[in-house]
Structures are given as C-alpha cells and as structure tokens.
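Visitor: I would like to learn how to read a structure like this one. Please take me through it step by step.

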Amino acid sequence: MTTNKDLVVDAFHRFAAGDIEVLRTLLHAGFIEHSPGNPSGRDAFIDFIRTSPVAAADLTLHRVIAEADLVALHYRMTPHNTPNPVAVVDIWRLENNLIVEHWDVVQPLPIPGDHDSQ
C-alpha cells in the first residue's frame, strides 16, 4: 500500500528532476493554496508554478515528516542564476491519495563566506 508520504516524496523527486506535470496527477482539482499571492485550483497553481523560481531551481530534500493526512517536506532551494539558497518547508494535506491543501514557510539561508562583523 502506498502511503501519503510515499506519494509526496516520489512527486518531489520527479518535480525536482523537471517533471512539472507530476503535479497534475497528485493535486485535487479543488486544491487550496494557503501561501499569499499563489493561486488555488489545480490548473491555476500548476500554471503559476511552471513560471516560478522553484520550477527552475535545484532542490535538495533534507527531511520528511508524515502524520495521518499531512506530509511536511524540508528542503533547500537554490534558484538558477543566483547563489542565494532558501530553506523551504512545504506542508501538504491529502485526501484519497490527492493533495487538497498546501502551506509553506520560506527562509533565506546565509551565503557561504558571509559573516557578520560582530
């Protein structure tokens, strides 16, 4: 039996390898996006993601936490053409093997070699 964790982790790796269409197989048509400025709805969200920095970034998965209908991914995102990586935590809620809701937290990471003078 495939778990919610398996579904989300497999989709993450496929997405990180450039397969944006994997979202179409995993997102519910009535998908709700909770990140301000990002659209809800499967098709609108996929169109938005297709042109966003995450679609053309290097993604390195660090942690996965799964409980009941929630899966959280913690990863490093390094957009192309910039040395400024960010840490991301995505939280996905699933129903019947489909993602129905998403929340995220994004935090800039220090650039290697940058040090405060204190």
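Guide: Start with one residue. Arg-50 has a relative accessibility of 37%, so it counts as partly exposed. Keep in mind that this is a predicted model.

Visitor: Which residue does Arg-50 form a salt bridge with?

Guide: To call a salt bridge, look for a side-chain nitrogen of Lys or Arg within 4 Å of a carboxyl oxygen of Asp or Glu. Here the partner of Arg-50 is Glu-21, and their closest N and O atoms are 2.9 Å apart. Arg-50 belongs to helix 3 (residues 42-50), while Glu-21 sits in the loop between helix 1 and helix 2 (22-26), so the pair ties together parts that are 29 residues apart in sequence. Glu-21 has a relative accessible area of 35%, so Glu-21 is partly exposed.

Visitor: Which residues are linked with Glu-21 and Arg-50 in a network of salt bridges?

Guide: The network also takes in Arg-24, Arg-42 and Asp-43. For the whole model, the count of salt bridges comes to nine.

Visitor: How far apart are the closest N and O atoms of Asp-10 and Arg-14?

Guide: They are 3.9 Å apart, and the two residues form a salt bridge. Asp-10 and Arg-14 are four residues apart in helix 1 (residues 4-16), so about one helical turn separates them. Asp-10 is partly exposed because its relative accessibility is 41%. Arg-14 is partly exposed as well, at 36%.

Visitor: Is Arg-93 buried or exposed?

Guide: The cut-off for buried is under 20% relative accessible area. Arg-93 has 19%, so Arg-93 counts as buried. It forms a salt bridge with Glu-95, with the closest N and O atoms 2.8 Å apart. Glu-95 counts as partly exposed because its relative accessibility is 39%.

Visitor: How many positive and negative side chains does the protein chain have?

Guide: There are 8 positive and 16 negative side chains.

Visitor: What share of the contacts in the protein chain with a separation of 6 or more comes from residues 24 or more positions apart?

Guide: That share is 37%. As for burial, buried residues make up 34% of the 118 residues.

Visitor: How many helices and strands does the protein chain have?

Guide: It has three helices and five strands. To read their order, begin at the N terminus: the elements run α-α-β-α-β-β-β-β.

Visitor: What does the radius of gyration of the protein chain agree with?

Guide: One compares the value with that of a compact globule. For 118 residues such a globule would have a radius of gyration near 13 Å, and the 15 Å of the protein chain agrees with this. The C-alpha trace spans about 50 × 30 × 25 Å along its principal axes.

Visitor: How much of the accessible surface belongs to carbon and sulfur atoms?

Guide: They hold 54% of an accessible surface of about 7,200 Å².

Note on methods. Residues are numbered from 1 along each chain as its sequence is written. This is a predicted model: local features need pLDDT of at least 70, side-chain atom pairs count only at pLDDT 80 or more; totals for chains, interfaces and linings use all residues. Side-chain values use heavy atoms; hydrogens and water are left out. Helices (H or I, at least four residues) and strands (E, at least two) are DSSP runs, numbered from the N terminus. The radius of gyration is taken over C-alpha atoms; the globule rule is 2.2 Å times the number of residues to the power 0.38. Buried means under 20% relative accessible area, exposed over 50%, partly exposed in between (1.4 Å probe, protein chains only). Contact means heavy atoms within 4.5 Å. Accessible areas come from the Shrake-Rupley method with a 1.4 Å probe; for residues, only the protein chains shown count as cover. Lys and Arg count as positive and Asp and Glu as negative; His and the chain ends are not counted. The place of a charge is taken as NZ of Lys, CZ of Arg, CG of Asp or CD of Glu.
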